[in-house]
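Welcome! Keep the 3D view open as you read.

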Amino acid sequence: MSLTEKTAVVTGAGSKRGIGRATAHTLAAAGWNVAVLDLDEASAKDAASEVEERNGVQAVGVGCDITDEASVQNALAVLDSALPPVGALVNNAGITSPVPFLEVTGEEWDRIFAVNVRGAFNVTRRLAPGMAQRGFGRIVFLSSVSAERGGGVFGGVAYSAAKAAELGFTRALARELGPAGVTVNAVAPGLIDTDITGGALEGERKTQLVAGIPVGRNGRVADVADLITYLCREESGYITGATYDVNGGSHIH
Ligand SMILES: NC(=O)c1ccc[n+]([C@@H]2O[C@H](COP(=O)([O-])OP(=O)(O)OC[C@H]3O[C@@H](n4cnc5c(N)ncnc54)[C@H](O)[C@@H]3O)[C@@H](O)[C@H]2O)c1
């Protein structure tokens with residue numbers, strides 16, 4: 001297999017300061033062609049042209065709501081004709097919510113699960129069969145330290161539960177797809193500097209959080225992107241069903 005003949009799909013890679021966009025660049029620097037699926041079509045296209053320019057690979061950006069099966073189907077149909085077969089999927093698109101459990105509504109709960117869990121299902125369900133058929137695949141889920149320690153950074157119970165669901169998803173799928181040459185792993189970042197909290201995590205609270213991080217700083221998107229790209233290498237084929245912490249030591253277990 002040559003990476004120049006393979007494509008990595010990264011969901012939610014539109015966000016300019018996000019983990020997904022950084023991952024799209026790191027994967028491209030390692031030779032992957034890249035497909036960006038994002039709710040925000042303009043940012044998906046912007047990410048794709050940035051990736052092409054900087055890394056000299058093929059990249060395509062498509063507007064897609066991963067919570068909607070028809071939207072996922074349409075987006076993947078665009079890729080089918082534009083890029084080489086998909087060898088890696090990074091289930092990165094995600095949303096968070098700080099609402100305390102005693103205030104959370106069923107709608108809010110469903111909204112968080114719709115993107116983080118059902119959205120990842122919608123994309124994975126469509127891409128996994130081709131990977132299994134071709135005998136090669138790398139799937140990486142973006143879970144969170146929140147799943148492991150029970151919230152406590154920004155997200156509330158709904159977010160923590162959804163991110164923990166992604167760990168069960170990862171482990172069971174790893175078992176099922178291992179024989180077909182497809183590895184499935186999760187990364188669990190701690191606090192990473194992005195726009196996911198919409199600026200809600202600043203000032204005193206942020207200073208307190210950083211004080212609890214042994215390496216003495218917030219995570220950077222590159223910290224997470226490098227780890228994901230490592231897990232997508234062909235040489236990482238003996239790593240599956242694992243959860244990799246990338247949290248500066250803020251949660252050691
Ligand atoms: N930033 C952190 O501290 C942190 C920590 C742990 C885990 N994570 C996880 O990492 C992932 C990326 O987080 P980030 O901080 O880069 O977020 P971000 O908000 O910067 O980017 C998320 C992207 O997902 C896209 N998106 C949202 N809903 C979508 C949908 N329905 N369909 C398609 N795209 C959609 C958004 O448009 C956005 O581009 C998320 O799954 C998040 O839960 C983040």
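A residue counts as buried if 20 or more other C-beta atoms lie within 10 Å of its own, as exposed if 12 or fewer do, and as partly exposed in between. Please keep in mind that this is a predicted model.

**Helix α2**

- Which residues of α2 are buried? They are S43, A44, A47, A48, V51 and N55.
- These residues are on the same side of α2, because they cover an arc of only 140° around the axis.
- Turned away from that buried side is a face of α2 with the exposed residues A42 and E53.
- The cover over the buried residues of α2 includes α1 (19-29), β2 (33-38) and β3 (59-63).
- After α2 comes G56, which has a positive phi, near 65°.

**Helix α3**

- Helix α3 has 14 residues, and the distance from its first C-alpha to its last is 20 Å, close to the 20 Å expected at 1.5 Å a residue.
- V72, A75 and L76 are buried in α3.
- Seen down the axis of α3, the buried residues fall within an arc of 95°, so they line one face of the helix.
- The face of α3 turned away from the buried side has A70, Q73, A77, D80 and S81 as exposed residues.
- Packing against the buried residues of α3 are β2, β3 and α4.

**Helix α4**

- Helix α4 runs over residues 106-134, which makes 29 residues, and reaches 40 Å from its first C-alpha to its last, close to the 42 Å expected at 1.5 Å a residue.
- Where does α4 bend, and by how much? The bend is at A114 and is about 45°.
- In α4, the buried residues are I112, V115, N116, V117, G119, A120, N122, V123, T124, L127, A128 and M131.
- The partners that these buried residues of α4 pack against are β1 (7-11), α3 (69-82), β4 (86-91), β5 (137-142), α6 (157-177) and β6 (182-189).
- G135 follows α4, and its phi is positive, near 75°.

**Around the ligand**

- How many residues surround the ligand? There are 29, and the closest are G12, S15, G18, G94 and T194.
- The elements that give two or more residues to this shell are α1 and α4.
- Sorted by class, the shell around the ligand has 12 nonpolar, 13 polar and 4 charged residues.

- A42 belongs to helix α2, and A42 counts as exposed because it has 11 C-beta neighbours inside 10 Å.
- A42 and V62 are 20 residues apart in sequence, and their C-alpha atoms are 8.5 Å apart in space.
- A132 is part of helix α4, and A132 counts as partly exposed because it has 16 C-beta neighbours inside 10 Å.
- Leaving aside neighbours within four places in sequence, A132 is in contact with G137, L177, A180 and V182.
- A132 and G87 are 45 residues apart along the chain, and 9.8 Å separates their C-alpha atoms.
- L209 sits in helix α7, residues 203-211.
- Why is L209 partly exposed? L209 has 17 C-beta neighbours inside 10 Å, so it counts as partly exposed.
- Setting aside neighbours within four places in sequence, L209 is in contact with V153 and L191.
- From L209 to V153 is 56 residues in sequence and 7.6 Å in space, C-alpha to C-alpha.
- A225 is found in helix α8, residues 221-232, and A225 counts as buried because it has 25 C-beta neighbours inside 10 Å.
- Again leaving aside neighbours within four places in sequence, A225 is in contact with I19, A22, T23 and T26.
- A225 and E204 are 21 residues apart in sequence and 28 Å apart in space, C-alpha to C-alpha.

Methods
Residues numbered from 1 in each chain as written. Predicted model: local features only at pLDDT ≥ 70, side-chain atom pairs only at ≥ 80, totals over all residues. Helix = DSSP H or I, 4+ residues; strand = E, 2+ residues; numbered from the N terminus. Arc of directions from axis to C-beta. Contact = placed C-beta atoms within 7 Å. Expected span 1.5 Å × (residues − 1). Bend = angle between axes of the 7 residues up to and from the residue. Near = placed C-beta within 6 Å. Nonpolar A, V, L, I, M, F, W, Y, C, P; charged D, E, K, R; others polar.
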